[in-house]
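Dear colleague,

I am passing on the structure below for you to look over. My notes on what was found in it follow directly after.

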Amino acid sequence: MVQEQTIREPISFSGVGLHSGAAVKMRILPAPVGTGICFRRVDLDGFSIEAVGRNVAKVSYATSLMKRGVLISTTEHALSALMGAGIDNAIIELDQLELPILDGSAKPFLDAIHRVGIKRQRRQRIYWRIAKPVEIVEGDKFLAVYPANRYSISYTIDFPRPIGLQTFDLDLTGDAYESQIAPARTFGFLRDERALRNMGLIRGASEENAIVLTDSGVKNGPLRFRDEFVRHKILDLIGDLALLGHRILGKVVANRAGHAMHTALVSRLLRDRFLWEEAHISREAASEALSEVEEASSVFARS
Ligand SMILES: [Zn+2]
């Protein structure tokens with residue numbers, strides 16, 4: 001059976017928050033089985049906020065968590081990297097309210113995790129296998145998850161030029177996350193910059209941590225992928241769905257969604273226990289998934 005995992009050694013980062021512009025030091029620490037992912041504000045006597053849907057606060061340009069008035073902002077890229085690396089248990093220490101943006105992608109987090117290595121732990125990982133379709137519609141925005149035997153995402157975005165219509169399909173198996181999603185950076189339009197800065201939303205933004213778009217093209221190219229934008233939306237989605245506290249077995253379909261819809265899906269799944277069932281998957285099933293074999297028999301419900 002696939003087991004829970006943590007990192008082998010603590011890892012450290014320093015940088016600025018994209019939205020706050022505040023300098024921040026962050027560490028990711030190994031944690032025992034059953035911990036899940038938990039944030040800790042070392043500047044507030046180690047106040048802990050679990051990375052779970054019930055702690056989701058306001059969601060607009062980034063996903064934030066709040067517990068008893070204490071905020072943790074822009075959680076999605078680090079949580080995405082932890083999901084992508086297969087980490088179940090970790091403590092994320094911060095001395096500020098916002099995570100560092102680093103290069104705007106999940107790659108620096110993932111690279112650091114791989115440098116120290118991953119430790120398999122003595123407990124079987126519990127997946128949430130989607131049992132019934134869940135669809136959320138808001139105008140022309142759509143987000144759904146359907147029963148399936150592995151975790152896959154199909155995301156479509158439609159932004160003004162020069163991005164346009166982009167679709168990307170991802171099967172979260174093998175090194176797909178690392179090679180195709182983790183390097184994709186966040187992005188913004190130059191024409192929105194002044195308004196966003198005035199609202200205090202991008203105090204830390206620079207050409208080193210976001211793709212900057214003009215009406216005609218990319219100001220600070222080259223892109224890492226031709227369709228880097230939709231890949232980044234998948235990165236964000238994976239980070240937001242980490243707030244379920246469990247990996248899903250299901251097919252996610254998104255069209256023009258964003259953090260608010262992502263976290264709305266998390267709330268729906270947390271609220272309705274009949275939309276999913278707990279499951280373990282065998283190591284063989286995991287490796288079958290790696291070779292793209294569609295086999296349902298090795299996935300079973302625990303209850
Ligand atoms: Zn993002």
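Please bear in mind that this is a predicted model. Among contacts between residues at least 6 apart in sequence, 74% join residues at least 24 apart. The secondary structure consists of seven helices and 20 strands, and buried residues account for 42% of the 303 residues.

As to overall dimensions, the C-alpha atoms occupy a box of roughly 55 × 45 × 35 Å along the principal axes. The radius of gyration is 18 Å, which agrees with the value near 19 Å that a compact globule of 303 residues would have.

The protein is divided into domain 1, covering 3–124, and domain 2, covering 127–301, and the centres of the two, taken over C-alpha atoms, are separated by 18 Å. Their contact draws on 34 residues from domain 1 and 32 residues from domain 2. On the side of domain 1 that touches domain 2, the elements giving two or more residues are β6 (56–59), α1 (76–85) and α2 (107–116), of which α1 gives the most, with eight residues. By class, that side of domain 1 has 17 nonpolar, 14 polar and three charged residues.

Leaving aside residues up to four places away in sequence, Ser 14 touches Val 24, Lys 25 and Pro 100. Ser 14 and Ile 101, although 87 residues apart in sequence, are 9.2 Å apart in space, C-alpha to C-alpha.

With best wishes

Technical notes
Residues are numbered from 1 along each chain as its sequence is written. This is a predicted model: local features need pLDDT of at least 70, side-chain atom pairs count only at pLDDT 80 or more; totals for chains, interfaces and linings use all residues. Helices (H or I, at least four residues) and strands (E, at least two) are DSSP runs, numbered from the N terminus. The radius of gyration is taken over C-alpha atoms; the globule rule is 2.2 Å times the number of residues to the power 0.38. A residue is buried if 20 or more other C-beta atoms lie within 10 Å of its own, exposed if 12 or fewer, and partly exposed in between; C-beta atoms are placed from the backbone. Two residues are in contact if their C-beta atoms, placed from the backbone, lie within 7 Å. Domain bounds come from an automatic or database domain assignment. Ala, Val, Leu, Ile, Met, Phe, Trp, Tyr, Cys and Pro count as nonpolar, Asp, Glu, Lys and Arg as charged, and the others, Gly among them, as polar.
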